Structure formats: structure tokens, C-alpha cells
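Dear colleague,

Here is the structure I am handing over to you. My notes on it follow below.

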Amino acid sequence: MTEPDTAKPVVVIPGDGIGPQVIEQALAVLDDLDLGLKFDVFDHVHASTYLAEGHPLSDADLRTIRESAGVLLGAIGDPRVRTPDYARGVLLRLRFELDLYVNYRPVRLLQDRLSPVRDAGRRLIDCAVVRENTEGLYVGVGGVMHQHTEHETAVDVELSSYRGVTRVIDFALKTARRGVCMVDKSNAVPNGGGLWQRCWAAARQRPEIDRSHLYVDAATARLVQDPTAFDVIVTTNSYGDILSDLTAQLAGGLGLAPSANLNPDTGLGLYEPVHGSAPDIAGTGSANPIGAILSAALMLERTGYATAAAAVRAAVSHSVAAWRCTPDIGGDLSTQQAGEAIRAALH
Ligand code: NAD
Ligand code: IPM
Ligand code: MN
């Protein structure tokens, strides 16, 4: 936890699709809190810039971000761009170059009615996926042979390092309240799986914390069967990507889920909803702003404004309980009105 540094601005990247709308609501909440935060809005980082210039995020942008208090991002992704180069040029570039090695994705069920889990006892969902964020299948190592022929052969390397695995397990253990479940596929993926197993066995911190291990297929089934069995799940980049969409849905849907990309050593963080740019609803004014607002709350919590973060969470819970929310979670409000309802609850 760092001291509040109101001299440095928060860089805001609204991005694509529903990103600008949900970020507008998150910024309105932050403004209402009157914390003296300053914002540097990067309105130029989106798919049109990538399509026109080939580089969505410049080196100068990256330098500004390194000096910032943190980054608040909406979503990156546009149906006009079908190659991974664009996401790699913004989101993955930020995660990798700023060494944001933890992707912390908490979920808490705000309202009983939002859960698909039928048994009431199983709805006390309050857990977090701690996703390794700078290695795994996302390193971009690999290649293609015989492209565009029937002999095309493609390789994407899944990389795990002792340092990378050790440091994310360390964060998971430090963050846990009840227990940590390590999730891998070491029964089928021998090299990386073996490394994850050894790093897990070697981690000695927090002996009072419950520890368990599941293979990713069994973890998926167990999450649906009883999500209350989990506190912190620590796992690889790609398994964490998938499992955090599942946990988001168990707690009411993608529109509600926040995330924090963190480097606990430098203190720098990139905060963004778990969801993407949702092209299917972009422009309808119906995107749920809660994922973005709770991401802003995560930013507040980790930059020394714990009280303000708690107030935002309480306001979100209050407005969901009063059905003052968007259609994806059963309400009939627009993005703007749902944001206003949360701000009204804040006062
Ligand atoms: P998505 O998360 O954008 O949408 C999945 C489904 O959830 C859609 O039906 C969408 O309407 C719904 N949804 C998402 N957010 C919502 C919200 N706030 N309120 C209500 N409904 C919501 O995933 P996708 O469709 O697979 O991806 C769309 C684009 O976003 C792609 O280009 C993808 O690469 C990108 N993406 C970006 C990020 C990011 O920037 N962090 C994350 C995921 C996907
Ligand atoms: C996420 C997204 C990204 C990921 C995509 C857009 C590259 O799905 O933040 O979960 O896979 O990490
Ligand atoms: Mn994802």
C-alpha cells in the first residue's frame, strides 16, 4: 500500500466499444469523492489509431504511464481488428513492459438474485482469482511453418519461470484470508506443471493459511458445484483468464467484475473491468458500469484511499439491492442512470 500521491495524475484509457461509457461513469464516481485526484485522459488510444498508424500506444505514452499514479482502462478490442497485434500493442504491452505480474480479479456476490447457484448455502461467493500476468501462453513466443498451406503448423510456447511463478504465489499467499488453491495442469503438462508444483511446495509463508491444489478441469467443475469452497485461486495466465470469466458469471456476470494488474514491488497498477469492449451492445447505452466502478475502487484501495474504496463498494451494493442497475443484471437503467444511482447512494 502506497501513500496517496495526488501530485501524479491517473492515466485514463477509455479504449473501444463500451469502454468510454463505463469509464465515464467510473470517473464521475471518482470526481464525486473529491479526493483531489488528477486525470490524464488518453483519448487517442483505440482501434482507429491502430488502424491508421499501426501503433496504438507510443513510447512517449508509455513514459507518461511509468510516471503516473496508475492506469484506469475501459476495454480494448474492435471487430475491425482481427489480429492479436492490437491487444498486444496496448493491454499486453502495458502488462509486460510495466511488469504487472499479478492480475487480481476479486468477485463477491452482491445480491442473492444474481447467482446461478441454486443452493442458498453455496451463494456466499467472495473469492479472487490471482492470475499470473506476464508469462504463460501470452509471451508471444512461437511461430508458424508452411503458413496458408495444408501443412500449416503453429506453435505458441507456454513459458513459466521460477521467478515468475514464485512471485505470483507469494502475492496469493499474502492476499489470502482463508486459503489458497493452486490450479495447474501438471498431470498433462510436465515441464511448466512441474515447475508450478515445485514453487508451490517451496512456498513457506503464511503457514496458518489453508492450502490446496486442483487440476484446472476439476477446479472448473468445483467452482460451479460450490464456489464458496474458494478464497484465493492462483494460476497461470491463460487458466486465470478463463476461470475469472467463470467466477464473474457466478457472481452475476461480466458487467460486474473488476480487476487490478499489479506490480506489488513498484506499486504501479493498471485497473480495468474483466469484460471487453462488448461490440454486441456498444452504442446501446446499456453497458453495466459496475465492473469499471469497482475497478476504480480497487485503484483507490491500493493507492491509500481505503475508506473511499469501501464507500464506493457500499454504494454499488446498495444500488444493486434497490434494482437501480442495467438490464444485464435485471434492472432497466441506462449506463448513465446506473452510474447516477451509485453516485446518489454515495452521498
Ligand atoms: P466481452 O467481455 O466484450 O463480452 C462478452 C459478453 O458479455 C457480451 O455478450 C457482452 O455484451 C457482455 N458484456 C461485457 N461487458 C458488459 C457490460 N459492462 N455490461 C453488460 N454486458 C456486458 O468479450 P468478447 O465479446 O469476447 O470480446 C469483445 C472484444 O473485447 C474483443 O476484441 C476482445 O479481444 C476484447 N476484450 C478486451 C478486454 C480488455 O480490454 N481487458 C477483455 C476481454 C475482451
Ligand atoms: C482479459 C482479456 C485479455 C486477456 C485479451 C483482450 C488479450 O481477455 O483481460 O481478460 O486475455 O488477457
Ligand atoms: Mn479475459
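**Two histidines in a loop**

H146 is partly exposed, with a relative accessible area of 47%. (Buried means under 20% relative accessible area, exposed over 50%, and partly exposed in between, with a 1.4 Å probe and protein chains only.) H146 sits in the loop between strand 6 (142-145) and strand 7 (153-156), and its phi is near 55°, a positive value in a residue other than glycine. H148 is found in the loop between strand 6 and strand 7. Phi of H148 is near 60°, again a positive value in a residue that is not glycine, and at 71% relative accessibility H148 counts as exposed.

**How to read the values**

This is a predicted model, in which local features need pLDDT of at least 70 and side-chain atom pairs count only at pLDDT 80 or more, while totals for chains, interfaces and linings use all residues. Residues are numbered from 1 along each chain as its sequence is written, chains are lettered from A and ligands numbered from 1 in the order in which they are written, and side-chain values use heavy atoms, with hydrogens and water left out.

**The chain as a whole**

There are eleven helices and twelve strands in the chain; helices (H or I, at least four residues) and strands (E, at least two) are DSSP runs, numbered from the N terminus. The chain has a radius of gyration of 20 Å, close to the 20 Å that the globule rule gives for 347 residues, so it is as compact as a globular protein of that length. (The radius is taken over C-alpha atoms, and the rule is 2.2 Å times the number of residues to the power 0.38.) Along the principal axes, the C-alpha atoms fill a box of roughly 55 × 50 × 40 Å. Of the 347 residues, 52% are buried. Among contacts between residues at least 6 apart in sequence, 75% join residues at least 24 apart; contact means heavy atoms within 4.5 Å.

**Aromatic pairs**

Rings of Phe, Tyr and Trp (its six-membered ring) pair if their centres lie within 6.5 Å; planes under 30 degrees apart count as stacked, over 60 as edge-to-face and the rest as tilted. By this rule there are two aromatic pairs. Y50 and Y86 form a tilted pair, 5.3 Å centre to centre and with 35° between the planes. Y50 lies in helix 2 (residues 47-53) and Y86 in helix 4 (residues 85-97), so the pair ties together parts that are 36 residues apart in sequence. Y50 is buried at 15% relative accessible area, and Y86 is buried at 2%.

The ring centres of Y104 and F171 are 6.0 Å apart and their planes are at 75°, so this pair is edge-to-face. With Y104 in strand 4 (residues 102-108) and F171 in helix 5 (residues 162-175), the pair ties together parts that are 67 residues apart in sequence. Y104 is buried at 15% relative accessible area, and F171 is buried at 7%.

**The loop between strand 4 and strand 5**

Leaving aside neighbours within four places in sequence, its contacts include D112 and T228. Q111 lies in the loop between strand 4 and strand 5 and is partly exposed at 21%. The C-alpha atoms of Q111 and H318 are separated by 9.6 Å, although the two are 207 residues apart along the chain. Not counting residues up to four places away in sequence, Q111 touches V320 and A321.

Regards
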